[in-house]
Amino acid sequence: MADDTILISTTGHVATITINRPDKLNALNEPTRAGIVALLDRFENDPEIRVVILTGAGEKAFIAGADIGEFEGRTPVAQFRVMNSPDTNAFEAADRFPKPIIAAVNGFCLGGGCELAMACDIRIASDKAKFGQPEVNLGLLPGGGGTQRLPRFVGLGNAFKLLYTGDMVTADEALRLGLVSEVVPAADLMTRVNALAAAIASKSPVALRYIKEALRASMRAPMDEGLRLERTLFGLVFASEDKVEGVAAFLQKRKPEFKGA
Ligand code: COA
């Protein structure tokens with residue numbers, strides 16, 4: 001990166017993107033959004049990277065939303081561009097990223113932060129995390145997918161409550177609502193997420209890719225279309241070298257070594 005507002009690290013086949021603006025609670029400004037998009041593009045095209053983790057620097061925040069400082073004085077046209085340009089639409093970039101992406105939610109997960117976490121495949125939260133869509137308090141509504149993704153996770157009534165009030169919920173409440181998959185003690189968050197990412201990275205990248213494509217379709221396509229896509233993708237994956245390896249390893253009672261081909 002040109003600056004240090006996003007940090008990256010790589011362990012094995014897992015890359016970690018850390019939003020690094022802790023003094024602003026990792027709020028998403030335009031360069032940060034562009035940085036996320038650029039990194040996801042890079043990792044998409046790097047066969048060595050099989051899983052991505054997204055987290056925030058410091059102990060306080062995952063991402064406390066869009067950078068509110070940027071709202072002041074920005075023209076509607078400029079705001080429209082930032083939200084819609086493929087170069088800065090980090091939410092779409094995360095959603096469309098064809099490899100598994102896990103949000104390690106280490107603190108405030110608000111507004112655009114919550115929306116970015118929801119655009120990831122899996123959310124694991126620290127017990128200190130807090131979730132919310134407080135846009136209504138600014139006279140706004142969510143613009144990174146909150147009105148569309150939140151009800152799919154928590155149901156329409158809970159989404160209305162969260163969006164109308166702007167109230168925050170605890171990690172345990174987020175777990176109860178179905179917004180996160182697991183809550184772990186803050187000190188154990190990255191250990192847990194790294195282990196999960198490594199476990200996923202040991203699977204067939206071909207299978208993972210098409211599992212993701214089929215699951216994404218389940219959010220959008222009518223059931224019949226989704227089922228047809230699933231069967232088509234099954235046929236495609238059936239032709240992969242990874243399938244030959246996976247089946248052979250099972251029959252030979254050994255661990256498979258998937259190559260992503
Ligand atoms: N955009 C820009 N700056 C932000 C920010 C955001 N979304 N969230 C926090 N910050 C900044 C604060 O302005 C402050 O900066 P400063 O030290 O230069 O004044 C710094 O981060 C620390 O935040 P602070 O408010 O002092 O921490 P707190 O613990 O008292 O409160 C929050 C934490 C998350 C409750 C509070 O920061 C907040 O409500 N943030 C806005 C959340 C929001 O509305 N997000 C949706 C935006 S559309």
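**Close-up views of a predicted model**

View 1. A nitrogen atom of the ligand lies 2.9 Å from a polar backbone atom of A66. The model shown here is predicted. K60 takes part through its side chain. There, an N or O atom is 2.7 Å from an oxygen atom of the ligand.

**View 2. Helix α4 packs with helix α5.** Two packed helices are described by the angle between their axes and by the distance between those axes. Helix α4 covers residues 112-119, and helix α5 covers residues 146-154. Their axes are 10 Å apart, and the packing angle is about 60°. The two helices are therefore oblique to each other. The crossing of α4 and α5 is left-handed. On the α4 side, E115, M118 and A119 make the contact. On the α5 side, the residues are G146, R149, L150 and F153. Sorted by class, this contact of α4 with α5 has 4 nonpolar residues, 1 polar residue and 2 charged residues.

**View 3. Helix α5 meets helix α6.** Helix α6 spans residues 156-165. The axes of α5 and α6 come within 7 Å. They cross at roughly 130°. That angle makes α5 oblique to α6. The crossing of α5 and α6 is right-handed. From α5, the contact uses T147, L150, P151 and V154. From α6, it uses L156, N158, A159, L162 and L163. By class, the contact of α5 with α6 holds 7 nonpolar and 2 polar residues. No charged residues take part in it. Look for L150 in both views of α5: L150 belongs to the contact with α4 and to the contact with α6.

**View 4. Helix α9 runs beside helix α10.** Helix α9 is made of residues 205-218, and helix α10 of residues 223-238. Their axes come within 10 Å and cross at roughly 175°. How is α9 oriented relative to α10, roughly parallel or roughly antiparallel? The angle makes α9 roughly antiparallel to α10. The α9 side of the contact consists of V206, A207, Y210, E213, A214 and A217. The α10 side consists of L229, L233, L236 and V237. By class, the contact of α9 with α10 has 9 nonpolar residues and 1 charged residue, with no polar ones.

How values were computed. Residues are numbered from 1 along each chain as its sequence is written. This is a predicted model: local features need pLDDT of at least 70, side-chain atom pairs count only at pLDDT 80 or more; totals for chains, interfaces and linings use all residues. Side-chain values use heavy atoms; hydrogens and water are left out. Axes are lines fitted to C-alpha atoms, for helices over the stretch in contact, and angles run from 0 to 180 degrees between N-to-C directions. Helices (H or I, at least four residues) and strands (E, at least two) are DSSP runs, numbered from the N terminus. Angles under 35 degrees count as roughly parallel, over 145 as roughly antiparallel, 65 to 115 as roughly perpendicular and the rest as oblique. A crossing is left-handed if the near helix is turned anticlockwise from the far one by less than a right angle, and right-handed if clockwise. Contact means heavy atoms within 4.5 Å. Ala, Val, Leu, Ile, Met, Phe, Trp, Tyr, Cys and Pro count as nonpolar, Asp, Glu, Lys and Arg as charged, and the others, Gly among them, as polar. A polar contact is a pair of N or O atoms within 3.5 Å; within protein, one must be able to donate a hydrogen and the other to accept it, and residues adjacent in sequence count only if both atoms are side-chain atoms.
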